Amino acid sequence: MPQHLRNRFNVIKPLRVFLTVYELGSVTKAAEVLNLTQPTISIQLKQLMELLGVRLYKQVGRKLVFTEAAAVVARHGEALFELLDRLEISLAALNELKAGTLRIAVVTSAKYFIPHLVGMFCQRYPLIDIELKVGNREKIRQRYLQEKDDIYLFSLLSDEMEKLAISFLPNPLYAIAHRCHPLSAMKKIQPFELCEYPFISREPGSGTRYAIDRHFEQLNLALKPRMVIESNEAIKHCVLADLGISILSEYALKPEVGDELVALPVEGFPIMTRWHLVRSPNRVQTALSDAFVEFITDQGEGLLHDIVLP
């Protein structure tokens with residue numbers, strides 16, 4: 001594959017290195033991501049400071065402390081690379097090609113299915129690159145407000161997203177327990193019976209937590225949280241350790257359900273929510289992001305049929 005435009009401008013290579021160091025806050029981590037040695041990283045940073053005539057950071061022990069100038073350089077550097085990416089995509093679109101870099105940011109629960117969709121999209125358009133960011137809902141919402149990415153995936157929308165969102169995929173939430181838990185032997189469970197056992201909960205602000213709280217409020221019931229955990233994987237391990245029951249997205253459960261974890265037959269379950277695709281109203285959209293939206297809305301649910309629970 002030909003080099004991207006951003007990599008053909010050798011004079012700004014040190015800027016690309018700096019942006020990675022600035023985002024990760026570490027030369028060591030940046031070296032791993034960029035597949036460069038730490039001395040090479042240090043040389044690139046020195047070249048950039050000499051070129052710009054400003055000091056970007058100072059070393060305090062093992063920690064990098066960035067200057068005010070570093071924040072300015074990072075902000076304009078990101079804008080510069082974004083312009084180069086958009087130039088590349090626009091030129092490719094003239095030749096009816098979908099090329100360049102697509103930036104996608106998703107909440108943690110979406111990490112179980114988004115690689116499948118992205119992989120299928122890349123098979124259709126093999127010249128593209130994907131930058132995928134995964135984080136908790138608040139982190140991804142901040143990226144949305146800062147307009148850092150082309151596409152965002154949420155299960156819970158903020159007010160400012162409502163008119164811009166495209167609902168594209170069901171997100172059913174199932175109650176789960178260890179196979180030795182007393183509820184696992186029952187053929188039918190009433191929602192109030194879940195409230196009699198310790199519950200492993202997602203953190204406040206997550207889409208899953210919001211949907212669960214709203215569902216039980218409507219039933220005039222309250223669960224008994226034993227732990228509050230940000231990670232679906234950690235929640236599953238707690239349930240596997242028989243520390244309590246939980247409720248998670250269908251996509252977070254496969255392949256564990258049916259082995260040590262059991263989906264409980266609770267009346268009124270699964271709790272039905274949906275995944276939403278959102279784009280910023282102020283960010284200029286490209287042919288590549290338009291193609292991804294069309295792909296995911298037209299084919300997403302059918303393409304994911306084989307990776308959900310039977």
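Are Arg143 and Asp149 buried or exposed? Both are buried (under 20% relative accessible area; exposed is over 50%, partly exposed in between; 1.4 Å probe, protein chains only).

This is a predicted model: local features need pLDDT of at least 70, side-chain atom pairs count only at pLDDT 80 or more, and totals for chains, interfaces and linings use all residues. Residues are numbered from 1 along each chain as its sequence is written, and side-chain values use heavy atoms, without hydrogens and water.

The count is 14 salt bridges (a side-chain nitrogen of Lys or Arg within 4 Å of a carboxyl oxygen of Asp or Glu). Three of them:

| Pair | Closest N to O |
|---|---|
| Arg103 and Glu131 | 3.3 Å |
| Arg143 and Asp149 | 2.8 Å |

Arg103 is buried at 10% relative accessibility. Glu131 is partly exposed at 30%. Lys236 is buried at 2%, and Glu233 is partly exposed at 27%. Salt bridges also link Glu82, Asp150 and Arg283 in a network.

There are two cavities of 30 Å³ or more. A cavity is a set of points on a 1 Å grid over the protein atoms alone where a 1.4 Å probe fits but cannot get out; lining residues have an atom within 4 Å of a point. Points are joined across faces, edges and corners, and volume is the space filled by probe spheres set on them.

The largest cavity holds about 90 Å³. Its lining includes Arg137, Arg202 and Trp275. Glu82, Arg103, Asp150 and Arg283 are among its lining residues.

Conventions: On a 1 Å grid over the protein atoms alone, a cavity is a set of points where a 1.4 Å probe fits but cannot get out, and a pocket is an open set with protein on both sides within 12 Å along at least five of seven lines; lining residues have an atom within 4 Å of a point.
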